Each structure stands twice: as structure tokens, then as C-alpha cells.
Amino acid sequence: MLGMGTDIGIDLGTASVLVYVKNKGIVLNEPSVVAIDKNTEKILAVGEEARQMLGRTPGNIVAIRPLRDGVISNYDITEKMLRYFIHKVCGTRKIFKPRIIVCIPTGVTQVEKRAVIDATNQAGARKTYLIEEPVAAAIGAGLDITKPSGSMVVDIGGGTSDIAVISMGGIVVSASIRVAGDKLDEAIVRYMRKKYNLLIGERSAEALKIGIGCAFPREENITMEARGRNLVTGLPKTHMVTSEEMMEALEEPTTAIMESVHSVIEKTPPEVISDISDKGIVLTGGGAMLYGLDKFLEERMSIPVRLADDPISCVAIGTGKALESLDILEGSLITTNRSSG
Ligand SMILES: Nc1ncnc2c1ncn2[C@@H]1O[C@H](COP(=O)(O)OP(=O)(O)OP(=O)(O)O)[C@@H](O)[C@H]1O
Ligand SMILES: [Mg+2]
């Protein structure tokens, strides 16, 4: 259990929640899923246990992803999920309330920010701070963002792609689009339905994306089996699909991400652009691990692109590091009032 004065950083993601504790690193990493009994409204499971239930629950049980699309789509459930994770990390003794810094996508509305702050305070924070996702991602990727030299980060998560040019601790230009990992999965589901009359689940689509998907041709055209239901007969069916087909399936969302990166570059001041051309664009987030996405962006933007080390952990690590230098980063952090409880 953690003692008094402990600060924690939370990457409240669409796909997963990571909790970082000062001097300990990442202590929790679980899917953002909650299973609920619809009749009693009781929470049956949170995290990995609940994820196993996605798409497999009987009538009275629902497995919910409360943060679909990178924002809080279900406030009550998000609060309960946060409370569960915070208690798991801090224990339930109310006296030791931590200060919590939560990472949010850029471009969320004031109402959405308020919702995150309220949920975190309700879940047991003494004080809540917010940090924008690409700022945390940049810190976590090891970029020194306090210098007067521009860096560009593209964080591709499950729900949102956050693109930002950062200099001297602040965001110079940014964009956030709701096209990321989930949209890639959905594109695969659509492709399989259209081309093969095969209905596959989102988890199978994700497995195809990770296994054979790509944004740039693979050296070898590899194949993988897709299992689902034949929409004509209604019966189970499997089909072999190739990585070339997956690239075709993913073309629309990967192009949308590329165009958004392009639009941010267009709005970036020339001095800063030359910094970025020297240093390259850094990709973070699980969605950035799509095979060849770095090469695809590099080719289209004519700027070097590199995938950060441990892309999935960058935001949580950056959120944690931000805690350690709250004073330096105060400008790029949004401080909030104390919780009432
Ligand atoms: N090897 C891989 N190739 C392609 N995609 C991957 C790979 N590994 C994970 N992903 C995808 O990464 C996404 C999750 O990334 P991440 O954990 O960064 O999201 P998040 O932070 O929870 O979401 P957000 O930041 O949008 O709220 C999922 O869509 C997942 O399918
Ligand atoms: Mg994220």
C-alpha cells in the first residue's frame, strides 16, 4: 500500500488504463472494460476479467467500454472503474488521498474535462490535475519539451489520434481526431463483411490487425485465418486473408491519420518545422505499432518518423514524470480545485 503524500499518474485510455506511481513506475495496466449486471446495476468485474466477457455475456450482463472514442461516454461507469483502480493501487483507507494527474486527449471540451476531474475527485483524489495526452506522450518518449526547439508527437491510441507540435513546454499546434485503433478494427470488420459476407467480432478484427495488418507493404505477404459467421447461411465460417488485403482494408483510416498529421505540419511555423525535420516525428500509443505506419507517414510527409520505445507506456510514463516536475510544467498542466470529500 502507498503512504501519505503519494502522487499517482493515470493514463485514462480508451483501450487501457495505466497507473504510474512515483518511484515505482507502472503498477497497473488493465483494459478499460467494466462488466455490469443490468438488473441490479452491480459491477461484476473490472479490467482484464471484464474484457474476457466482451461480446460473450448472457442477457443480464453487459461488458462496457466506458471511454469509447477517447472521451467519457458513460460517466457513472468511468467513475466506478477509476475508483476501483485507484483503490487497487492506494488501498481503501480514506485518510491517504493521493494527488492524481490524469491524461486527457487534446481538444476535449470543458464539460468533458469537468467530467474527468469530477470522476477522479469522486474516486478519491485529494487534488486532480489534467495533462494533455501528446504532452505526456512526448515526455514519456524522452523528448525534452522544455527547450525552445520544436518536437512533433503523434499518439495513436484506441479512440483518438493526438497530434501535437510542442516547444518550451507548451503546445504550438495540435489536432485530435477520433480515428485510431478502434476505427482500424471497425474497418476490418466492414471489409470482411463486404468482401466475404463474413461477420467477425471486434476482437477478431483486432487480432487480424495486429497479426497481419499493415500501412505499408510487408516484405512478405502473410496470411491469417479469420473466423466468424457467414451472413448468407448464418453458420460459422473461416476464411484465409492476406496482409495485402488488410492494407487495403485499413487504407481509409490510415489515410485519415496521415491527412491530420499533414494539416498540423501545414500550420506549424517554419522555424519549428526545420527543428522537426532534423529530429523527426515520434510515434507513440499502441495504434502506432501497426506494421509500416512509420514508413507510410515518412514517405508521405518527407520527414523522418520513428516509433518510440515501448509506445504503449509512453503516456503513463510521461504522466508520472510530469508529477515529478509539477512546478516546471504548471503552464502546460491544467490545475483544478480541491475535491469536496
Ligand atoms: N502490434 C500492434 N499493432 C497494431 N495495433 C496495436 C498493436 N498493439 C496494440 N495495438 C492497438 O493499440 C490500441 C490501444 O493503444 P493504447 O493503449 O495506446 O490506447 P489508449 O491509450 O487506451 O487509447 P486512447 O489514447 O485513444 O484513449 C488498440 O486499438 C490496439 O488494437
Ligand atoms: Mg492513450
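1. Helices α2 and α3. In this predicted model, helix α2 covers residues 75-90 and helix α3 covers residues 110-122. Their axes come within 8 Å and cross at roughly 40 degrees. An angle under 35 degrees would count as roughly parallel; α2 and α3 are therefore oblique to each other. The crossing of the two helices is right-handed.

2. Residues between α2 and α3. On the α2 side the contact holds Tyr 75, Thr 78, Glu 79 and Leu 82. These meet Ala 115, Ala 119, Thr 120 and Gln 122 of α3. Sorted by class, the contact of α2 with α3 has 4 nonpolar, 3 polar and 1 charged residues.

3. Helices α5 and α7. The axes of α5 and α7 cross at roughly 130 degrees and come within 9 Å. Because only angles over 145 degrees count as roughly antiparallel, α5 is oblique to α7. The crossing of α5 and α7 is right-handed.

4. Residues between α5 and α7. From α5, the contact takes Lys 183, Leu 184, Ala 187, Ile 188 and Tyr 191. From α7, it takes Met 246, Ala 249, Leu 250, Glu 252 and Pro 253.

5. Helices α7 and α9. Helix α7 (residues 243-267) also packs with helix α9 (residues 293-301), at an angle of about 45 degrees and with the axes 11 Å apart. That angle makes α7 oblique to α9. Here the crossing is right-handed.

6. Residues between α7 and α9. Thr 254, Met 258, Val 261, His 262 and Ile 265 are the α7 residues in this contact. The α9 residues are Leu 293, Phe 296, Leu 297, Arg 300 and Met 301. The contact of α7 with α9 divides into 7 nonpolar, 2 polar and 1 charged residues.

7. Domains. The domain assignment divides the protein into three parts. Domain 1 is made of 7-31, 69-135 and 314-336, domain 2 of 141-178 and 254-307, and domain 3 of 181-249. Taken over C-alpha atoms, the centres of domain 1 and domain 3 are 34 Å apart.

Definitions and conventions. Residues are numbered from 1 along each chain as its sequence is written. Chains are lettered from A and ligands numbered from 1 in the order in which they are written. This is a predicted model: local features need pLDDT of at least 70, side-chain atom pairs count only at pLDDT 80 or more; totals for chains, interfaces and linings use all residues. Domain bounds come from an automatic or database domain assignment. Axes are lines fitted to C-alpha atoms, for helices over the stretch in contact, and angles run from 0 to 180 degrees between N-to-C directions. Helices (H or I, at least four residues) and strands (E, at least two) are DSSP runs, numbered from the N terminus. Angles under 35 degrees count as roughly parallel, over 145 as roughly antiparallel, 65 to 115 as roughly perpendicular and the rest as oblique. A crossing is left-handed if the near helix is turned anticlockwise from the far one by less than a right angle, and right-handed if clockwise. Two residues are in contact if their C-beta atoms, placed from the backbone, lie within 7 Å. Ala, Val, Leu, Ile, Met, Phe, Trp, Tyr, Cys and Pro count as nonpolar, Asp, Glu, Lys and Arg as charged, and the others, Gly among them, as polar.
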